[in-house]
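My entries follow in the order in which I looked things up.

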Amino acid sequence: MFGGVYGTVLASALMAALHQEGEDFTPFYDASWVLVTAATAGLAHGYSHHMASHRAKSAGHRWQVLGRALWNEWPLIAATLPTVLLLTAAGLGGWDAYDVTAGGLGLNTALLFGWGSLTALRVGHRLGRALLIGLADAAIGLAIIVANALIK
């Protein structure tokens with residue numbers, strides 16, 4: 001779930017930052033950067049985990065452990081796909097930049113709520129507590145929305 005939350009927050013922050021008022025809306029370019037940044041973050045995160053737990057063993061074993069560490073980062077990249085798909089659809093449909101950004105940030109905030117709530121239920125919290133945990137996760141998305149409004 002860590003990768004899901006991290007990827008969703010990363011996609012939201014990128015979506016908010018990539019489009020500036022008065023500039024042309026470039027949804028395909030933005031979608032590309034969301035994917036490239038997510039892949040780079042996944043590689044860096046997986047590699048840093050590998051190096052932090054590095055043990056003196058055979059070269060073949062180190063490559064195997066590195067491969068596993070990198071593979072474990074797929075949720076981070078997958079969590080950015082709703083944003084990438086939204087931006088791609090916006091490019092194909094010629095949608096308005098403001099609506100796409102607002103919709104994307106709202107979608108990602110709802111996804112953060114879902115990640116938090118479902119994870120809390122999965123580990124045994126009751127429904128009421130799980131919903132509160134989901135709201136706490138959604139607060140991260142709301143913080144990005146507020147920051148986007150204040151900065152722009």
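The entries below go from the whole chain to single residues.

**Basis.** I am working with a predicted model, in which local features need pLDDT of at least 70 and side-chain atom pairs count only at pLDDT 80 or more, while totals for chains, interfaces and linings use all residues. Residues are numbered from 1 along each chain as its sequence is written, and side-chain values use heavy atoms, with hydrogens and water left out.

**Whole chain.** I counted 7 helices and 0 strands, taking helices (H or I, at least four residues) and strands (E, at least two) as DSSP runs numbered from the N terminus. The C-alpha atoms fill a box of roughly 55 × 40 × 25 Å along the principal axes. Of the 152 residues, 32% count as buried, where buried means under 20% relative accessible area, exposed over 50%, and partly exposed in between (1.4 Å probe, protein chains only). I also noted that residues 24 or more positions apart account for 72% of the contacts with a separation of 6 or more, a contact being heavy atoms within 4.5 Å.

**D137.** I found D137 in helix α7, which spans residues 127–151. D137 is buried yet has no salt bridge, and the nearest side chain of opposite charge, R129, is 11 Å away; a salt bridge here needs a side-chain nitrogen of Lys or Arg within 4 Å of a carboxyl oxygen of Asp or Glu. For charge, Lys and Arg count as positive and Asp and Glu as negative, with His and the chain ends not counted. What does the side chain of D137 reach? It reaches the backbone nitrogen of G116 at 3.4 Å. Leaving aside neighbours within four places in sequence, I list V5, L112, W115 and G116 as the contacts of D137.

**D30.** I then turned to D30, which lies in helix α2 (residues 27–52) and counts as buried at 4% relative accessibility. With neighbours within four places in sequence again set aside, D30 is in contact with L18, F25 and L87.

**Nonpolar patch.** L118, L121, L127 and L131 make a nonpolar surface patch of about 370 Å². The elements giving two or more residues to this patch are α6 (97–122) and α7. Patch members have over 30% relative accessible area and no salt bridge, with nonpolar side chains (Val, Leu, Ile, Met, Phe, Trp, Tyr) joined within 5 Å and like charges within 9 Å. I checked L131, which lies in helix α7 and is partly exposed, with a relative accessible area of 36%.

Definitions and conventions:
Polar contact = N/O pair within 3.5 Å; in protein donor to acceptor, adjacent residues only side chain to side chain. Areas by Shrake-Rupley, 256 points an atom, 1.4 Å probe, with all protein chains shown as cover.
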